[in-house]
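Subject: Structure for you to look at, with notes

Dear colleague,

I am handing over the structure we spoke about, with the sequence alongside. Please open it before you read my notes, which come after it.

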Amino acid sequence: MWERIREIIKKEFRQALREPRMRGVLFVPPLLQLIIFGYAVNLDVDSAAMAWIDQDRTPQSRELLAGFEGSGRFRIEATPNTEAEVQALLDRGEVVVAVNVLPGFARDIERGRTAAVQVLVDGTNSNTASLVSSYAGQIVARYSADAMATQQKARMMARRTAADMTAPEVNARSRVWFNPDLRSRNYFVPGVMVNIIMLVTLMSTALAIVREKEIGTMEQLMVTPIRPIELMLGKMLPFAVVGLLDVALVTGVALALFRIPFRGSALVLLVSAMLYLLTTLGAGLFISTISHTQQQAMMATTFFTMPAFMLSGFAFPIRNMPEVVQWVTYLNPLRYFMEITRGVFLKGTGADVLWPQMLALLIYGVTVMYLSAARFHKRLD
């Protein structure tokens, strides 16, 4: 049995690697996708174009402006004088935020009143608008806290009373774990690995078997002593090796090029990838049993990958989805491997924490592989 499987594996490797274009398809697209996703899929706002409208023109307003400039988050692109100019800048997309210091800003601060600062944000891109609004709010809040502290210090120096000197103070200090710099690239790049492995192994397995049917060599294989299970294993194992090589390739590029932190165990990632491959290879085998041509296999692969991608939590948080859709995501193997890769890369979690996801991948993998093998055997008969 294993001699026949070994011969099928040799045949698949020769057929897949003898053409330079096929060799490129197996390894170059995953690398390109990782690089493109790594650079293009970036939700960080490092420098937002800002318009500054100062209707107060006081040292206090200029101090607030210095806070925006010194934050590194904003760059002043225009200093309009009227609301019409502000609207024109936002309409043309020349700025994404406009900060308007209203008249009486310094007077209200000196009298201890609430001073108003208007922040106009272009909400076309909701994510960018949310980040920019949050950054602007933090700068204004920091300025407000500094101004309040200065006034309290002045009162304390003036009164010199024990009650003032022992006034309680509460400070909130935040600390971000796992991704201290809040770089979205650290979050997305590990997830790219999940999608790349799915696309490569799923499509390669489906096309490899359908190709035999399409060119008429399946009948020739079946008149040989090779049994269906042997043919199935011989077809899938080469692409399992390719999938593991892609895992190593993508991981190496993520660490070397994008400097993604890797805090977990490589063994946990490898074992999880092997469990994940059971599902993708089994799904590719199933697609091959329902397709007669390579075009049909590619269409079926697209039909499978798009919903799986959308429901994996790669770009869209699952907790933000409707409750019914959240339950549906538990049927998606990509969700579990996505949690594993991000946990291994960013959190350094091990099998003691990730075993439920690994168990789910094992159950889905064995189930899909069994159903696909049963249908594959039936179709060959």
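What follows is an account of pockets, core, helices and a few loop residues. Please bear in mind throughout that this is a predicted model.

The largest pocket has a volume of about 1200 Å³, and its lining is made up of 38 residues, with N179, S184, Y187, P317 and R319 lying nearest its centre. Two or more lining residues come from each of helix 6 (126-159), helix 8 (184-215), helix 14 (333-347) and helix 15 (351-380), and of these helix 14 gives the most, with 7 residues. Sorted by class, the lining of this pocket holds 17 nonpolar, 11 polar and 10 charged residues.

The second largest pocket contains about 360 Å³ of space. It is lined by 16 residues, and those closest to its centre are A283, F286, F304, V368 and S372. Here the elements that contribute two or more residues to the lining are helix 11 (266-290), helix 12 (294-310) and helix 15. The lining of the second largest pocket divides into 13 nonpolar and 3 polar residues, with no charged residue, whereas the lining of the largest pocket includes 10 charged residues.

The largest nonpolar core has 60 residues, and L34, Y276 and F337 are the ones that touch the most other members. At least two residues of this core come from each of helix 2 (20-40), helix 8, helix 10 (228-256), helix 11, helix 12, helix 14 and helix 15. Helix 8 gives the most to the core, with 15 residues.

From its first C-alpha to its last, helix 8 reaches 46 Å, close to the 46 Å expected for its 32 residues at 1.5 Å a residue. Just after the helix, G216 takes a positive phi of about 85 degrees.

Helix 3 can be described in more detail. It covers residues 59-70, and its 12 residues should span 16 Å at 1.5 Å a residue, which agrees with the 16 Å between its end C-alpha atoms. Which residues of helix 3 are buried? They are Q60, S61, L64, L65 and F68. Seen down the axis of helix 3, these buried residues fall within an arc of 145 degrees, so they line one face of the helix. As background, an α-helix has 3.6 residues a turn, so residues three or four places apart point the same way. On the other side of helix 3, P59 and G70 are exposed, and just after the helix G72 takes a positive phi of about 80 degrees.

L64, in helix 3, counts as buried because its relative accessibility is 1%, and the cut-off is under 20%. Between L64 and Y143 there are 79 residues of separation in sequence, yet their C-alpha atoms are 6.6 Å apart in space. The other pair is K11 and G234, which are 223 residues apart in sequence and 8.7 Å apart in space, C-alpha to C-alpha. K11 lies in helix 1 (residues 2-17) and is partly exposed, with a relative accessible area of 24%.

Finally, there are two backbone angles that I would ask you to inspect. Most residues other than glycine have a negative phi. R57, although it is not a glycine, has a positive phi of about 50 degrees; it sits in the loop between strand 1 (48-54) and helix 3. At 58% relative accessibility R57 counts as exposed, because the cut-off for that class is over 50%. R259 is also a residue other than glycine with a positive phi, near 55 degrees, and it belongs to the loop between helix 10 and helix 11. With a relative accessible area of 62%, R259 is exposed as well.

With best wishes

Key:
Residues numbered from 1 in each chain as written. Predicted model: local features only at pLDDT ≥ 70, side-chain atom pairs only at ≥ 80, totals over all residues. Heavy atoms only, no water. 1 Å grid on protein atoms, 1.4 Å probe; cavity = no way out; pocket = protein on both sides within 12 Å on 5 of 7 lines; lining within 4 Å. Points joined across faces, edges and corners; volume = space filled by probe spheres on them. Helix = DSSP H or I, 4+ residues; strand = E, 2+ residues; numbered from the N terminus. Nonpolar A, V, L, I, M, F, W, Y, C, P; charged D, E, K, R; others polar. Expected span 1.5 Å × (residues − 1). Buried < 20%, exposed > 50% of the residue type's maximum accessible area, 1.4 Å probe, protein only. Arc of directions from axis to C-beta. Core = buried A, V, L, I, M, F, W, Y, C linked by side-chain atoms within 4.5 Å.
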